[in-house]
Amino acid sequence: MTDTIADMLLRIRNASHARHKTVDVKNSRICEGIARVLKEEGYIADFSVLEDGTHQGLIRLTIKYTPAGQSIIQEIRRVSKPGCRVYRSVREFPQIIGGMGIALLSTSRGVLSDRQARQQNIGGELLATIH
């Protein structure tokens, strides 16, 4: 597998549409960072790192739903791809649905949401958009 981020986002999207409570994704530093940001921003309920007998391990994400049973994540889309990287400065961050969604960025300080990156005044690679 060459794009672990796209695999993670696709698994989250499919699990939320199928109304699963949890989803397992391959563990990596960047996937852990994405899971941490999604939890901080309220898009998932929780995550934990599991050992599955391999060197890499798994991350188990607990998906969050509204009381009516709809997924909190309506759309999750990969922006920067291995073949076409997309970098943005602080002034060029997109507004996702007028501030109702977030953009995930890979920065020199780890994976951050667009709000956190604006506060720290740093740009980076635009990984995905979520709303």
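**Entry 1: a term I need**
Two strands count as paired if DSSP finds at least two bridges between them. The model I am reading is predicted.

**Entry 2: the whole chain**
I began with the overall layout and found 3 helices and 8 strands in the chain. Read along the sequence, they follow the pattern α-β-α-β-β-β-β-β-β-α-β. I then looked up the radius of gyration, which is 14 Å, close to the 14 Å that the globule rule gives for 131 residues, so the chain is as compact as a globular protein of that length. Along its principal axes, the C-alpha trace spans about 40 × 40 × 25 Å.

How much of the chain counts as buried? I noted 41% of the 131 residues. The accessible surface comes to about 7300 Å², and 49% of it belongs to carbon and sulfur atoms. I also looked at contacts between residues at least 6 apart in sequence, and 62% of these join residues at least 24 apart.

**Entry 3: the nonpolar cores**
Next I went inside. The largest nonpolar core has 25 residues, and the ones that touch the most other members are Met8, Ile12, Ile34, Leu38, Leu61, Leu104 and Ile130. I checked which elements give two or more residues to this core: they are α1 (4-17), β1 (22-26), α2 (29-40), β3 (58-63), β6 (102-107) and β8 (124-130). Another core lies apart from it, with 10 residues, among them Ala103, Ala117, Ile122 and Leu126.

Not counting residues up to four places away in sequence, Leu38 touches Ile12, Tyr43, Ile44 and Ile130.

**Entry 4: helix α1**
I turned to α1, which has 14 residues. From its first C-alpha to its last, α1 reaches 20 Å, close to the 20 Å expected at 1.5 Å a residue. Which residues of α1 are buried? My list reads Ile5, Asp7, Met8, Leu9, Ile12, Ala15 and Ser16.

Just after α1, Arg19 takes a positive phi of about 60°. In the segment before α1 I found Asp3. Is Asp3 buried or exposed? Its relative accessible area is 16%, and buried means under 20%, so Asp3 is buried. Leaving aside its neighbours within four places in sequence, Asp3 is in contact with Arg78 and Pro82.

**Entry 5: strand β8 and its partners**
I went through its partners one by one:

- β4 runs antiparallel to β8, and 3 bridges join them. Here Arg77 has Thr129 as its bridge partner in β8.
- β5 (residues 87-88) pairs with β8 in the antiparallel sense over 2 bridges. Tyr87 has Glu125 as its bridge partner in β8.
- β6 pairs with β8 in the antiparallel sense over 5 bridges. Ala103 stands opposite Thr129 in β8.

**Entry 6: the β6–β7 hairpin**
How many residues link β6 to β7 in the hairpin? I count the 2 residues given for that hairpin. β6 and β7 (residues 110-113) pair in the antiparallel sense over 4 bridges. One of the residues I checked was Thr107, whose bridge partner in β7 is Gly110.

**Entry 7: Lys26**
My last stop was Lys26, which sits in strand β1. At 32% relative accessibility, Lys26 counts as partly exposed. Which residues does Lys26 touch, not counting those up to four places away in sequence? I noted Cys31, Gln56, Gly57, Leu58 and Ile59. I also looked up a distance to Leu126, which is 100 residues from Lys26 along the chain, and the two C-alpha atoms are separated by 21 Å. Leu126 was already in my notes as a member of the core of 10 residues.

How values were computed:
Residues numbered from 1 in each chain as written. Predicted model: local features only at pLDDT ≥ 70, side-chain atom pairs only at ≥ 80, totals over all residues. Heavy atoms only, no water. Core = buried A, V, L, I, M, F, W, Y, C linked by side-chain atoms within 4.5 Å. Buried < 20%, exposed > 50% of the residue type's maximum accessible area, 1.4 Å probe, protein only. Contact = heavy atoms within 4.5 Å. Expected span 1.5 Å × (residues − 1). Rg over C-alpha atoms; globule rule 2.2 N^0.38 Å. Areas by Shrake-Rupley, 256 points an atom, 1.4 Å probe, with all protein chains shown as cover.
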